[in-house]
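Let's take a walk through a protein together, one stop at a time.

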Amino acid sequence: MKKILFVGAEAMPFAATGGLGDVLGSLPAALAKEGSDVRVIMPLYGQVKEEWRAKMKTEAVFTVNLAWRQVYCGIKSLKKDGVIYYFVDNEYYFKRDALYGSFDDGERFAYFSMAVMEALVQLDFYPDVLHAHDWQAALSVVYLNCLYRDKVGYKDIRSVFTIHNIEYQGQYNFGILGDVFGLGFEQYELMDFGGCINLMKAAIVSADIVSTVSPRYAEEICTPSFGRGLDGILRQNRHKLCGILNGIDYQYYNPGQDAAIPVRYNWRTRAKKPENKLALQAALDLPARRDVPMLAVITRLVAHKGLDIMTEIFSKLIGESDIQLVVLGCGEASFEHYFTELARCFPDKVRVLLKYDRDLAKQIYAACDIFLMPSKSEPCGLSQMIASRYGAIPVVRETGGLYDSIKGYWEEGKKIHGNGFTFANYSGAELYERTNAAIALWRNEEKRDKLISKIMRTDFSWAAAARDYLSMYDQI
Ligand code: GLC
């Protein structure tokens, strides 16, 4: 049986801030179903709820040496969906107000990565593959290669590094190479990128395989427009780069059984979906109307999610059409301000909720008719898949995983093709045009039903991806 250890900074339902947490909370179970021994290791944040802590058992207590520090480390564990989750316990590092954003994040995740290395001895679990995710886990791959290779048990461990988002690379001043990361001058060249320490770069160079969360994004990040400076390094390492499209958790995101939404439905009973719209309209004090298309945006309010082209066209679009818009998310102050103003200008049409709330997000997926996701770049994107499963028509830009998961709608006689509306260029005009096309289709009841029924049946489960990961592990 293949032994895989996932190393990452978040996993649902324990602690998560975004898509990485969704993936680490659901891909391991899909791999376990295919017959591997999959375990996950992550920090035990203060945010992990008591209901989970009560189920944990203590596996080991030891001291981690990180540069000149000698630091406490506890390893706790629990089993869920056939997967063992390990938690690295150190309250000094992980009992903070937020998962990330502390002044010493570099030190916190260096400690985490070193603790992972030491945990293997303590747990007597030496995986065939160490699978690290994003910059927070990058040092585990580096430590494995630079500091642990010669030790018994570590010699044959292969490594995979997955990039969920190249925007965040973990960049630090060289002054802390020895003092914080515990590395020496021998590792200078490996860690260096443009005069700074770059953790993601070091993991790309060190890992046996580098993967990203969609095939298209794997190509895109090799170009200067998407590589965030690392495109050259990625081109040099192209032979070990691949892209596997994420799935979504079909149990958690299941409109047929979702306790978070007012009225449950599946593709067969999709006629009940509009009752969720009526419920949300009532909850948000919008005019209660079945016949008005409800558009939705659920995202972090940051530029690369397509905020600048949305803000370019929304007041025109909303001013001239009979539609409603619901926005959920928080982020940059200028965008928050824009949406607050938009809601003030269109009190009968727009509601803006500046927060992140998973249950409310599901109520919006269930209520809305059209889901907008015009990202400038998108490694995979999960929202377009969730929206599809909840029967909303996605309007997306053709980039990264959006390109791989949503194909443009067209008609061929009675037959329909595609599962959403897509556009190529990052422009407000194209977003405006495709959104209007989606609205027009929605107003035609027969076509709407045909498309929604197709969209809801598109397979975005983990099954296919799990098999692709297993054959990737086989390669190394
Ligand atoms: C990151 C990416 C997102 C992706 C997710 C899970 O959050 O921005 O596109 O879906 O990771 O891989």
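Both Tyr 172 and Phe 181 are buried in this predicted model. The centres of their rings are 5.6 Å apart and the ring planes meet at 75°, so this pair counts as edge-to-face.

Look at where the partners sit: Tyr 45 is in the loop between β2 (37–43) and α2 (50–53), while Phe 94 belongs to helix α3 (residues 91–94), so the pair ties together parts that are 49 residues apart in sequence. Are these two residues buried or exposed? Tyr 45 has a relative accessible area of 0%, and Phe 94 also has 0%. Buried means under 20%, so both residues fall in that class.

Now widen the view around this pair. Tyr 45 and Phe 94 are part of one aromatic cluster, together with Tyr 92, Tyr 93, Tyr 100, Phe 109, Tyr 111, Phe 112 and Trp 135. Follow Tyr 111 next. Leaving out residues up to four places away in sequence, Tyr 111 touches a list of residues that includes Val 64, Leu 66, Val 71, Tyr 72, Cys 73, Val 88, Tyr 93 and Phe 94. Tyr 111 is also among the residues with the most contacts inside the largest nonpolar core, which has 104 residues. Others with the most contacts there include Ile 41, Tyr 143, Ile 163, Phe 181 and Met 191. Which helix gives the most to this core? That is helix α4 (residues 105–123), with 11 residues. The protein also has a second, separate core of 74 residues, and Ile 248, Ile 323, Leu 328 and Tyr 338 are among its members.

Let's move on to the ligand. Which residues are around it? Among them are Gly 19, Leu 20, Val 23, His 164, Asn 165, Asn 246, Glu 378, Pro 379 and Cys 380. For the side chain of Asn 246 the distance is 2.8 Å, and for the side chain of Asn 165 it is 3.2 Å. Cys 380 uses a backbone N or O atom instead, at 3.0 Å. On its own the ligand has 310 Å² of accessible area, and the protein covers 91% of it.

You will find Asn 165 in the loop between β7 (158–163) and β8 (171–172). Its relative accessible area is 11%, so Asn 165 is buried. Besides the ligand, the side chain of Asn 165 reaches the backbone nitrogen of Glu 167 at 3.1 Å. Not counting residues up to four places away in sequence, Asn 165 touches Asp 134, Met 200, Tyr 217, Arg 300, His 304 and Pro 379.

Our last stop is Glu 220, in helix α8 (residues 215–220). With a relative accessible area of 7%, Glu 220 is buried. Apart from neighbours within four places in sequence, its contacts are Phe 226, Gly 227, Thr 399 and Gly 400. A polar atom of the Glu 220 side chain lies 3.0 Å from the backbone nitrogen of Gly 400. Arg 53, by contrast, is 41 Å from Glu 220, C-alpha to C-alpha, and 167 residues apart from it in sequence.

How values were computed
Residues are numbered from 1 along each chain as its sequence is written. This is a predicted model: local features need pLDDT of at least 70, side-chain atom pairs count only at pLDDT 80 or more; totals for chains, interfaces and linings use all residues. Side-chain values use heavy atoms; hydrogens and water are left out. A nonpolar core is a set of buried Ala, Val, Leu, Ile, Met, Phe, Trp, Tyr and Cys residues joined through side-chain atoms within 4.5 Å. Buried means under 20% relative accessible area, exposed over 50%, partly exposed in between (1.4 Å probe, protein chains only). Helices (H or I, at least four residues) and strands (E, at least two) are DSSP runs, numbered from the N terminus. Contact means heavy atoms within 4.5 Å. A residue is near a molecule or strand if one of its heavy atoms lies within 4 Å of it. A polar contact is a pair of N or O atoms within 3.5 Å; within protein, one must be able to donate a hydrogen and the other to accept it, and residues adjacent in sequence count only if both atoms are side-chain atoms. Accessible areas come from the Shrake-Rupley method with a 1.4 Å probe; for residues, only the protein chains shown count as cover. Rings of Phe, Tyr and Trp (its six-membered ring) pair if their centres lie within 6.5 Å; planes under 30 degrees apart count as stacked, over 60 as edge-to-face and the rest as tilted.
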